[in-house]
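Thanks for making time this morning.

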Amino acid sequence: MEAARPPATAGKFVVVGGGIAGVTCAEQLATQFPSEDILLITASPVIKAVTNFKQISKILEEFDVEEQSSTMLEKRFPNIKVIESGVKQLKSEEHCIVTEDGNQHVYKKLCLCAGAKPKLICEGNPYVLGIRDTDSAQEFQKQLTKAKRIMIIGNGGIALELVYEIEGCEVIWAIKDKAIGNTFFDAGAAEFLTSKLIAEKPEAKIAQKRTRYTTEGRKKEARSKSKADNVGSALGPDWHEGLNLKGTKEFSHKIHLETMCEVKKIYLQDEFRILKKKSFTFPRDPKSVTTDTEMWPVYVELTNEKIYGCDFIVSATGVTPNVEPFLHGNSFNLGDDGGLKVDDHMHTSLPDVYAAGDICTASWQLSPVWQQMRLWTQARQMGWYAAKCMAAASLGDSIDMDFSFELFAHVTKFFNYKVVLLGKYNAQGLGSDHELMLRCTKGQEYIKVVMQNGRMMGAVLIGETDLEETFENLILNQMNLSSYGEDLLDPNIDIEDYFD
């Protein structure tokens, strides 16, 4: 006979995952229930904490992320108990989570924040590196010191930053889109930024914003137990600072872009030799393509028929939600992207189980100017809001949807420019029924506004434009702006005065 389910009061609030979503959720629960123990289960010895949080406008926020030892978190919140172990199984029927160390933890409310892992173009190939967390970024730096040529596959934020930061090494960058940075920009913004790739980089390394506590040298055996390959939490926008990304060759930027293609096949050196295939040299002159006589450890054949040899391949092709440990024996509803579907209270399809951050798929009726992207800001907002919802549910209170889901708003840095993305900044899902307005000053700023039926639906602001608050308000209040026409972006008109 099955053991009777313990009364819900017996359990604790339990959070799984030591990334931004999980830590934010645990901190928020600890604040709301100071006399209760909050359990945070994490497979990695370091957690990610939000520091220097600044609310820039109603919805835009800026913060740093710091890697800290879990003891620092327990010092700040004495009622958070960190359990350093992976999850073996979730027994949702019994409201119980089993950790790799063999212990069982009964919960009254559970929040799953186990993040996502990099989609590798090829599993188990020693020459393919996925970059997702500090460990893999350091491994990458080690490999790079010996490299003469590398290949980067992918078009997201990490690929963009990598290409800009790497020096003294040939880079062949393969993307499946027409232009770079497709998840963040259109071709115009990409063009504006690419001119930076050709310009020499300023030598001054900017002082680093945050100190790092790394897993280096900390009981290694603990890490091999937790399958070190896939536990770290996601990197954020400054991840490459403090890493010296220099290859062996002595020149600054050498980048060749292959667009609209994907990886067809990867060959190791022996295989390549036996098949007597030919590879190309690094294309210095677009007119002449010559056969490469140098032997490389690994070769990549692209879908556009070109083959290049290189020292190693960086796979930066996005992430898949890390749902694996929780699925067995539980009937979660999953989104098309493989995440745990959550409703407008961050609740999954199973009773008392919530999810936040990269692991979840927002499945409520979304605001017309918000979309989910697996970014740090959303992980923080979701973790915070999930804690609020868990608290409200356990106290029998009702709670309104958090305001941050009204409008997509993200601020980051690319190539040393401040970049603000608002609403449907790439006209996502608007079809052909929209128009764009642009203003661009080379080397200084790039402003793009997405309009539909006279209303502002989204914007990209690159550089110090000071327009984010005004545009945020115009998108939120959906005012009809037809009468302003092109004046909306006229640099001689102080738009802020209009709409205060």
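**A helix and its sheet**

In helix H10, the buried residues are Glu468, Thr470, Phe471, Glu472, Leu474 and Ile475, where buried means under 20% relative accessible area with a 1.4 Å probe and protein chains only. Before I go further, please keep in mind that this is a predicted model, in which local features need pLDDT of at least 70 and side-chain atom pairs count only at pLDDT 80 or more, while totals for chains, interfaces and linings use all residues. Residues are numbered from 1 along each chain as its sequence is written, and side-chain values use heavy atoms, with hydrogens and water left out.

H10 covers residues 468-477 and lies across E23, strand E25 (445-452) and E26, running at about 160° to E26; helices (H or I, at least four residues) and strands (E, at least two) are DSSP runs numbered from the N terminus, and angles run from 0 to 180 degrees between the N-to-C directions of axes, which are lines fitted to C-alpha atoms, for helices over the stretch in contact, with contact meaning heavy atoms within 4.5 Å. After H10 comes Gln478, whose phi is positive, near 50°.

The strands belong to an open sheet of five, in the order E22-E23-E26-E25-E24, with antiparallel pairing, where two strands pair if DSSP finds at least two bridges between them. Its edge strands are E22 (409-414) and E24 (435-441), each pairing on one side only, and the twist averages 15° from one strand to the next. Within this sheet, five bridges join E23 (residues 417-423) to E26 (residues 455-462), and Val420 has Leu461 in E26 as its bridge partner.

Now to strand E7, residues 96-99, which is covered on both faces, with Cys96 and Val98 buried on one side and Ile97 and Thr99 buried on the other. E7 runs antiparallel to E6 (residues 87-91), to which four bridges join it, and Leu90 stands opposite Ile97. E7 also pairs with E8 (residues 104-112) in the antiparallel sense over three bridges, with Cys96 opposite Val106.

Finally, which residues touch the most other members of the largest nonpolar core? They are Leu112, Phe140, Ile150, Ile152 and Met346, out of 96 residues, a nonpolar core being a set of buried Ala, Val, Leu, Ile, Met, Phe, Trp, Tyr and Cys residues joined through side-chain atoms within 4.5 Å. Helix H9 (residues 376-395) gives the largest share, nine residues. A second, separate core of 27 residues includes Leu407, Val411, Ile447 and Met457.

Key:
Buried < 20%, exposed > 50% of the residue type's maximum accessible area, 1.4 Å probe, protein only.
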